[in-house]
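Please report on the fold, the strand pairing and the salt bridges of the protein chain shown here.

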Amino acid sequence: MAAADPLLASFAELKEKVRAARPKDDLAPLDRAFQFAVERHNGQFRASGEPYITHPLAVAHILAGMRLDLVSLQTGLLHDVIEDCGVTAEELRRNFGEEVAQCVDGVTKLGKLDFYNAEERQAESFRKMLLAMVHDIRVIIVKLADRLHNLRTLSYLDREHQERTAHETLEIFVPVAHRLGMGKIRSELENLAFRYSDPLAYEEILSAIESKRHYNEEFLHEIRGKVEAELRRESVPARVEGRVKSPYSVYQKLKRQRIGVEQVYDLLALRIVTDSVKNCYAALGIIHNEWRPVPGRIKDFIAIPRPNLYQSLHTSVIGPHGQPFEVQIRTEEMHRIAEEGIAAHWKYKEGKHGPAVDDQRIAWLRHLVEWQRDMADPGEFLSTLKVDLYPEEVYTFTPRGKVLALPRGATPIDFAYAIHSDVGHTCVGAKVNGRIVPLRYTLKNGDIVEILTQPGHLPSRDWLPLVKTARARNKIKHVINASERAKAIDLGQKLLEKEARRFGVSLGRISKATFESVAADYGYSKMEDLHAALGYGKLSARSVLQKAAPDQFQTPEDERPVEPAAPPAPGAAPPPRVEDGDYTLKVQGIDDLLIYRAKCCNPIRGEPIVGYVTRGKGVAVHSKNCPNVQSLLYEVERRIDVEWSRSTSEFFPVHLVVHTDDRPGMLNQLTSVLSDENLNIRSLEARVDHDAGADGAVIEMTVEVQDQKQLERLVGAMRHLSGVHDVERLLH
Ligand code: MN
């Protein structure tokens, strides 16, 4: 490139800007980034016909104007090389380090989000998502600078492209700049975007302003001189600027007040920038002393800053010839923050904020004002700055691009219920970004979630701990309650039939009317409710039978008090022992809602078991060896016979603790025993056993067995291994 090359001149100018703002920085990395971008963009051109490199260079100029650090500037120079030149993040990492690579990658990812197709009502979600997705604030700042330069050069693109860019800017980027308090870039973005989104309105407002230009200039000159003189007289040091409001702010006013452009009078504004808060109020007094304030238009954003930390005093007054105009009064510090927002904060010193700034969502902004006090180097400050604007939410997509905002920690089940309760109920799995994930997966910002459904599927109680949204929880509970009730009715019927046999009662001899009156005694209007109450364990079958058939009821032999003196009556026939047959409750492997394996002993198939009707939760199935059984079965009337169902081939998780020598190969030996039995290992963890000294180890595992016999075989085989001291089964 020749020395006169305008590109090189522009880059030299960029370096001058950086040198002025950060005299201590070594600019070599900037040279390398520029060189790299020039080479990679070689042969590419902008719509304007200029070499492509002019764009990243202009973006870097905008960033230098904000006095940003070298990482931001390098990111500005390199921001399009991944997207347009096929450079990988890895290559950037090698050449420019982790931070630059991550920032360029972040800008590239933001560029891929299709904000334009976002429905109107989703715009807020998109704005939040944009902020939430980025982990380094510099990514957003570079993106805003990129967008600004694209708007400045938008005239070279076709109408469709212009509309799209303008719309997206007003919907997404202007509010983001506003939230970050970056008033200067926001104003330029919105005025440029306005010009392309509504060219007619823009032209109309511009010509209305232009037609009064002479008058406006005269007027501003006059009041500016007057204000300056008054301030000088009161010894308030200040800079006074007069300006005509921007086309976009006039446009907003027209829309708000539903008036025509010829009716907008207060196009004019004065800004007073002074040295201290005290002098801000002094200046306000001087203005109000001179001109009559418009009631209700005085706003004190110094005492109560805006959520984005903007501070100023605003007032509107009626000037000479009845011409109203607005006055903003602020300190230099406040001015810089109003213009540069987050990019200025590391220079912010006062850090005084009114109590009204309580919004959790901007709490981080306040924090960083505090952090910076301890940090001498703004570069260090920026690089430690992580964006967590919306820590309580995650933003996810449907496969069609709709945004769903969910609480942090939400799972695909929450997502499914957020779409529709039927999708939630029938959800059997989920894909996130194209890959199958477990339903307990925690959703992350930007995840594209596809729910797999199966007609007829119903939610289970296991889902309750997995969901974060109230909506999902309520819907799941509703379904569980309904299906639990159906099961309770069924179980209640069975319990009644079974207990009838035990107490010698023939249900067939009890009339429907009798049962209904018994139900009514308990406060139930239907037999169904009585059955449900029995199934839930709210009532005992025994007392129902006693009421319904007092004449038939006999206390069974096994409950009669044992009288040692009385020998069994000779010749008396043993009480008829009816085979339980169909009335025995079958225990399936998987836990039924109302017949479930007790957590204290987790019985497995083949083990001797006993049922116990709990109060309100159905039948708990315990191992006969369970230490709880004796005390539970004290209430003999709640006991119920149960047996294993033969019909299923479920597996039962069993938790084993194996004490072994701590030597290599031990684990292999154990797992080969497991694989001989074809057992599935759910989890396995080995550690040194501190109780057994240095040469002992403990291996804990959860394996899935089919039945008691298999477990016994397994434990036997393990105990036979040399080096195994003991195998325990944990009962929980
Ligand atoms: Mn770009």
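This is a predicted model: local features need pLDDT of at least 70, side-chain atom pairs count only at pLDDT 80 or more; totals for chains, interfaces and linings use all residues.

Isoleucine 681 lies in strand 19, which covers residues 680-688. Together with Leu667 and Leu684, Ile681 forms a nonpolar patch on the surface. The accessible area of these three residues together is about 200 Å².

**Strand pairing**

Strand 18 (residues 652-661) has antiparallel pairings with strand 20 and with strand 21. With strand 20 (residues 696-705), strand 18 makes 10 bridges in the antiparallel sense. Histidine 659 has valine 698 of strand 20 as its bridge partner. With strand 21 (residues 724-730), strand 18 makes 6 bridges, again antiparallel. Here leucine 656 stands opposite arginine 729 of strand 21.

An open sheet is formed by 4 strands in the order 13-15-14-16, with mixed pairing. Its edges are strand 13 (595-597) and strand 16 (639-640), each of which pairs on one side only. Strand 13 pairs with strand 15 (residues 619-623) in the parallel sense, over 3 bridges. Within this pairing, tyrosine 596 stands opposite alanine 620 of strand 15.

**Salt bridges**

The count of salt bridges comes to 33.

| aspartate 31 | lysine 15 | 2.8 Å |

Lysine 15 forms its salt bridge with aspartate 31. Lysine 15 sits in helix 1 (residues 6-21) and aspartate 31 in helix 2 (residues 28-40), so the pair ties together parts that are 16 residues apart in sequence. Lysine 15 is buried, with a relative accessible area of 18%, whereas aspartate 31 is partly exposed at 30%.

Aspartate 25 counts as partly exposed at 28%.

Glutamate 340 is buried, with a relative accessible area of 13%, and arginine 67 is partly exposed at 33%.

**The chain as a whole**

The protein chain contains 27 helices and 21 strands. It has 732 residues, of which 49% count as buried. Its accessible surface comes to about 36,900 Å², and carbon and sulfur atoms hold 50% of that area. Among contacts with a separation of 6 or more, 67% are between residues 24 or more positions apart.

**Confidence**

The average pLDDT of the protein chain is 80, and 81% of the residues score at least 70. Residues 346-389 stay under 50, and the model gives this stretch 90 contacts beyond four places in sequence. Residues 561-583 are also below 50 in pLDDT, with 9 contacts in the model beyond near neighbours in sequence.

Key: Residues are numbered from 1 along each chain as its sequence is written. Side-chain values use heavy atoms; hydrogens and water are left out. Patches are made of residues with over 30% relative accessible area and no salt bridge: like charges are joined within 9 Å, nonpolar side chains (Val, Leu, Ile, Met, Phe, Trp, Tyr) within 5 Å. Accessible areas come from the Shrake-Rupley method with a 1.4 Å probe; for residues, only the protein chains shown count as cover. A salt bridge is a side-chain nitrogen of Lys or Arg within 4 Å of a carboxyl oxygen of Asp or Glu. Helices (H or I, at least four residues) and strands (E, at least two) are DSSP runs, numbered from the N terminus. pLDDT is the predictor's confidence in each residue, from 0 to 100. Contact means heavy atoms within 4.5 Å. Two strands pair if DSSP finds at least two bridges between them. Buried means under 20% relative accessible area, exposed over 50%, partly exposed in between (1.4 Å probe, protein chains only).
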